[in-house]
Amino acid sequence: MDKQKIQQFGDELYEAMVKREAVSPLTSRGEDISIEDAYHISLRMLERRQQAGARVIGKKIGVTSKAVMNMLNVHQPDFGYLTDDMVFNSGEAVPISDRLIAPRAEGEIAFILKKDLTGPGITNADVLAATECVMPCFEIVDSRIQDWKIAIQDTISDNASCGLFVLGDNAVSPRDIDLVTCGMVVEKNGSIISTGAGAAALSSPVNCVAWLANTLGEFGISLKAGEVILSGSLVPLEPVKAGDTMRVDIGGIGSASVRFV
């Protein structure tokens, strides 16, 4: 795909985000969009956000669990960029009515890095050595593509369908818990709606972060010390609207809560 078309699609997705107006799937327009093209479209969308004042503070891994893969009919992981205007603290009101189009929430484990990770060749041991702590979090995903009708190229182009995220209050060392077996319970409006475990995300959230570091390494991009890395959902996506409240509890790590307005 030529650079002009990549820029056009990236600009279109940025404008869709700003105006909260979804666009038709990019893959429905007769263009041959490769995975690499899609990541360049995503980078153009990010460039527009940075020009508007946003600052990159981390990265997210998407479509890591079988539940989410089946729900979206997308069967490989992807990644997107987190910026400083996307993060909220546990318990804060999250303004999805003003910011998002078709939000869905998912419980995840966030990694906070203390060292850079630069692929290829990153192992799970490297990830653990580079991690300062892990925290419970919610990612509130969103799609600028109409009705979530996404192929893998659509969601990659659209910053991996990233919207906002909420970090919990508690942080623990990843060496103090078993990230494969730790259990997750998600509540919505006071009722349990889903449960999961660390193994749901590519067999371990650590595998997810290693995959991300190695995949980004192919693009000459590193995971940086101080960055927040969202390691992927352990449970199905849950549609949310203004007035909903949610809570996630992760064994050995802690909890995060969110109310939507």
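Predicted model: local features only at pLDDT ≥ 70, side-chain atom pairs only at ≥ 80, totals over all residues.
Local features were taken only at pLDDT of at least 70 and side-chain atom pairs only at pLDDT 80 or more, while totals for chains, interfaces and linings use all residues. Numbering runs from 1 along each chain as its sequence is written, and side-chain values use heavy atoms, with hydrogens and water left out.

Helix α1 (residues 3–19) packs on helix α2 (residues 35–51) at about 50 degrees, the axes lying 8 Å apart. Helices here are DSSP runs of H or I with at least four residues, strands are E runs of at least two, and both are numbered from the N terminus. Axes are lines fitted to C-alpha atoms over the stretch in contact, with angles from 0 to 180 degrees between N-to-C directions. The angle makes α1 oblique to α2 (under 35 degrees is roughly parallel, over 145 roughly antiparallel, 65 to 115 roughly perpendicular, the rest oblique). Contact, meaning heavy atoms within 4.5 Å, involves residues including Ile6, Phe9 and Leu13 of α1 and Ile41, Arg44 and Met45 of α2.

Turning to the sheet, five strands line up as β4-β13-β12-β8-β9, forming an open sheet with mixed pairing; strands pair if DSSP finds at least two bridges between them. Two parallel bridges join β4 to β13 (residues 254–260), and valine 94 sits opposite phenylalanine 260 of β13.

Alanine 201 counts as buried because its relative accessibility is 0% (buried is under 20% relative accessible area, exposed over 50%, partly exposed in between, with a 1.4 Å probe and protein chains only). Its C-alpha lies 10.0 Å from that of isoleucine 109, 92 residues away along the chain.
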